[in-house]
Every structure is written in C-alpha cells, then in structure tokens.
Amino acid sequence: MSRGELADAVNATLDATYSGRDIAAHYVDFRWIGKLERGEHRWPSEARRAALRQALGAATDADLDLYSPRRSDGGLLVDGPVEARPGSWDETIHLLREEWHLLVQNDKAFGPEYALTGVSRQLATIEALMHEVPQTLRPAAVRLAAQYAESAAWLNQSLNDRHAGQRWAQQALSWAQQIADPAMTAWAIYRSSQQRLAAGQFTQAAEQAEVALHYDQKLPGPMRAALRVQHAHALAGTGKYRAAMRVLDDAHHWAADRRPGKHEGEHGSYCTSGYIEVYRGACLQLAQRPTEAIAVLDEALPAIPSRHRQDFASALLTKAAAHAAASQPDLAATTAHRALHIARRAGSRRVLVGLDQLGAAIRGYQQLAHVRAFLDDLKEAP
C-alpha cells in the first residue's frame, strides 16, 4: 500500500471500531504515516496501534517495530508527542536529526566545504552509535546514517570530488536498503543518477532514475517532483526530448511550492515550479534549441529563492551556455560573470568548473569587452 492507502485503511478501521463516536480528530494522513516510517512516531495511541495492526495483518506492536519509550496511563485515544528523556538514546537521535537540518542550512549559507566538515564529524558519531544503540532504535540510527551519507555525497559533488561523492552515495544506498527504507533508497539512487549524468553517462543516469521512480508511490510530493526532473534531464541527454518535456510537465503536479508547509531542507523541498522550469531550459539546451532555452530560463530564474545560491548559479551557467550556443558570446559572458561571483560566494566548485569550460568555449571572442572582463576575472583565485 502507498502511504495514502495505508492512512485510509487505518481511518476505516477506526470508524468501524468506534462506530457512533466522533473520532475525526484522531484520523491519520499520509504525512503521519511518513513520520511513522521515519521513526518520528514510535508509540501511537492504542486505538491507532490496533488499527495499524489490523490494516497490516500484524499480531503485535513489536511486529511493526513499535515500542514505548516510556509507559503512560493516558486514555485510549490519547496520542500526544513523547518527550525524549535527557541523555536518552531517543534524545541523541532527535538531536542528530535536528543537526542535519542545520547542516543543510549551513550549506546554503556558508557553502559545501563548511557544511561537509560538520557532516563528516556527525557521520563518525553515528557510525559509532549504530554499534551501541538498542536494537529497537537501530532502524532509526541506520536511517540517520543514510541521510547524512547522502548529504556527504551531495556536498562532495558540489565540491567536484566525484570519487568521494560516488562512495558516499553507495554507502547511503547500502544503509537505506538494510532497513528497507523506500524514501532514503530512492534518494540515494537519485543522487547516484545525478552523478552519472554529470559524468555524461546519460543512459545509465536515465536507468537509475527509473529505478528510483519504482518507489514513487511511497514518496512525498517534492521528492516525486525531483525524481521526475532528474529522469527528464537524463532522457534529454539520450535524445528523447519529447519524453523529457512530458516528464517535466508531470513533475509540476508534485512541485514543492504546490505543497506549502514542508520543512525547509527536507529532501526535494528545493524542487519548486521554478526549479523544474530551469531544467526545462537545460533540456532545451541539450536539444540544441538555445533560443527557446534562454526564454524559459529568463522566466524561471526569478522564481528560485535567493538563499538557494548554488541552484541559482547553476541556472545562470545553463543560460550562459545557451547564449554561447546561440552565437551570443557577449551575453554568455555577462551571464557567466554574474554566475561566477555567486558560485564563489556559495563555494560551488562544480559550477566553477563549468564556468571554466564555458570560458574556454568563448575565449576566441576576447575582443568583446564583456568576454574579456569575464575571462580576466576567471583567472583570479576564487
């Protein structure tokens, strides 16, 4: 069952069990099921546990890996959050999860090199923790390890360290598969697909994106959008441009800005309508339709949040490449120069490498003032 289907089954069971009572306040939805999968809820009310057992054909709560961090004598339908005891394993895992959100913000504010220092330290802590944590909490610890490992994969990718990025993506996938976590498994495969695409291995990137999409029904909307963007980009790389455009159209149904209230930093939360259209521009550029790509990118760029500096710089790089392909070297240089300043502040070596390549492509136009200014600035140390 998908999360939504399981939520419906739980609610139907509640209705049947408490016939004649108004229990609407205790209904669950797909978001609640997602929190249950991630270990954020570990001891729902007795009524909800009974409904879950019936819906999933489980005999006991233990069969569902549910346990009580502390006993409560609350009423049957009471289902408030359980506070982690200071110094407990619960608190440790909770704090590490919160730290992950902070490190995601650090990447945006201070760049990937800064964030990677914290991620690496926390990974060492979590790897040690996995050998000590009680068995009931091990799935939550392993998922946390996969989450940090995938972040390490992305940060190394931003720093243009492909070997380290691939190693951490594979480690994230291994941990996610250990606990059969659909979201982290899909996201680790997504990251690996991105790495294949960056290496120009479009067919392999498309195949991996399709594998990740096998988990589609079990993922929150923004992740579904991001997977489709990746699939479309890879398809365009293989020459399947029309199919890529259809996939991007579909991605808009799941865009993050269509589902407000997502925690900033959750997987896929960056995949807004504007982000999707940036990749439409990238696909048009791959299809050798640079004029159309430029028009799409001009409309999409203002929709990217200013705090997403790496995404903005990457989009400007794509637009600069389209200008170069359209025989507009002066506009290519002006756009790339703007991207250069942002990429340096954001610490994105991946984008800086792309700008170096663009500089080589337009070096023959140094007689143009904008081209010369960009190339001169490009020579300077970051």
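A cavity is a set of grid points where a 1.4 Å probe fits but cannot get out, and its lining residues have an atom within 4 Å of a point. The close-ups below are taken from a predicted model.

**Figure 1. The second largest cavity is lined by Tyr 190, Gln 194, Val 229, Gln 230, His 233, Tyr 275 and Tyr 279.** About 30 Å³ of space lies inside this second largest cavity. Three helices, α8 (182-198), α10 (221-237) and α12 (273-286), each supply at least two residues of its lining. Among these helices, α10 gives the most, with three residues. By type, the lining of the second largest cavity divides into four nonpolar residues, three polar and no charged.

**Figure 2. The largest cavity has a lining made up of Arg 38, Arg 97, Ala 140, Arg 143, Leu 144 and Gln 147.** It holds about 40 Å³ of space, and the search of the whole structure finds two cavities of 30 Å³ or more. Helix α6 (residues 138-158) contributes the largest share of the lining of the largest cavity, four residues. The lining residues of the largest cavity divide into three charged, two nonpolar and one polar.

**Figure 3. Helix α9 (residues 202-212) has buried residues at Ala 205, Ala 206, Gln 208, Ala 209 and Ala 212.** Seen down the axis of α9, these buried residues fall within an arc of 165°, so they line one face of the helix. An α-helix has 3.6 residues a turn, so residues three or four places apart point the same way. The cover over the buried residues of α9 includes α8 and α10.

**Figure 4. Arg 228 and Asp 216 meet through their side chains in a salt bridge (2.8 Å, N to O).** Arg 228 lies in helix α10 and Asp 216 in the loop between α9 and α10, so the pair ties together parts that are 12 residues apart in sequence. Both partners fall under the 20% relative accessible area that defines buried: Arg 228 is buried at 10% relative accessibility, and Asp 216 is buried at 7%. A network of salt bridges links Asp 216, Arg 224, Arg 228 and Asp 250.

**Figure 5. Arg 344 and Asp 377 form a salt bridge, with the closest N and O atoms 2.9 Å apart.** The pair links distant parts of the chain, 33 residues apart: Arg 344 is in helix α15 (residues 329-346) and Asp 377 in helix α17 (residues 369-379). Arg 344 counts as partly exposed, at 21% relative accessibility, whereas Asp 377 is buried, with a relative accessible area of 11%.

**Figure 6. Asp 29 and Arg 31 are joined by a salt bridge between their side chains (3.6 Å, N to O).** Side chains of opposite charge can pair when their charged atoms come close. Asp 29 is partly exposed, with a relative accessible area of 34%. Arg 31 also counts as partly exposed, at 48% relative accessibility. In total, the structure holds 12 salt bridges.

Note on methods:
Residues are numbered from 1 along each chain as its sequence is written. This is a predicted model: local features need pLDDT of at least 70, side-chain atom pairs count only at pLDDT 80 or more; totals for chains, interfaces and linings use all residues. Side-chain values use heavy atoms; hydrogens and water are left out. On a 1 Å grid over the protein atoms alone, a cavity is a set of points where a 1.4 Å probe fits but cannot get out, and a pocket is an open set with protein on both sides within 12 Å along at least five of seven lines; lining residues have an atom within 4 Å of a point. Grid points are joined across faces, edges and corners, and a volume is the space filled by probe spheres set on the points. Ala, Val, Leu, Ile, Met, Phe, Trp, Tyr, Cys and Pro count as nonpolar, Asp, Glu, Lys and Arg as charged, and the others, Gly among them, as polar. Buried means under 20% relative accessible area, exposed over 50%, partly exposed in between (1.4 Å probe, protein chains only). The arc is that of the directions from the helix axis to the C-beta atoms. Contact means heavy atoms within 4.5 Å. A salt bridge is a side-chain nitrogen of Lys or Arg within 4 Å of a carboxyl oxygen of Asp or Glu.
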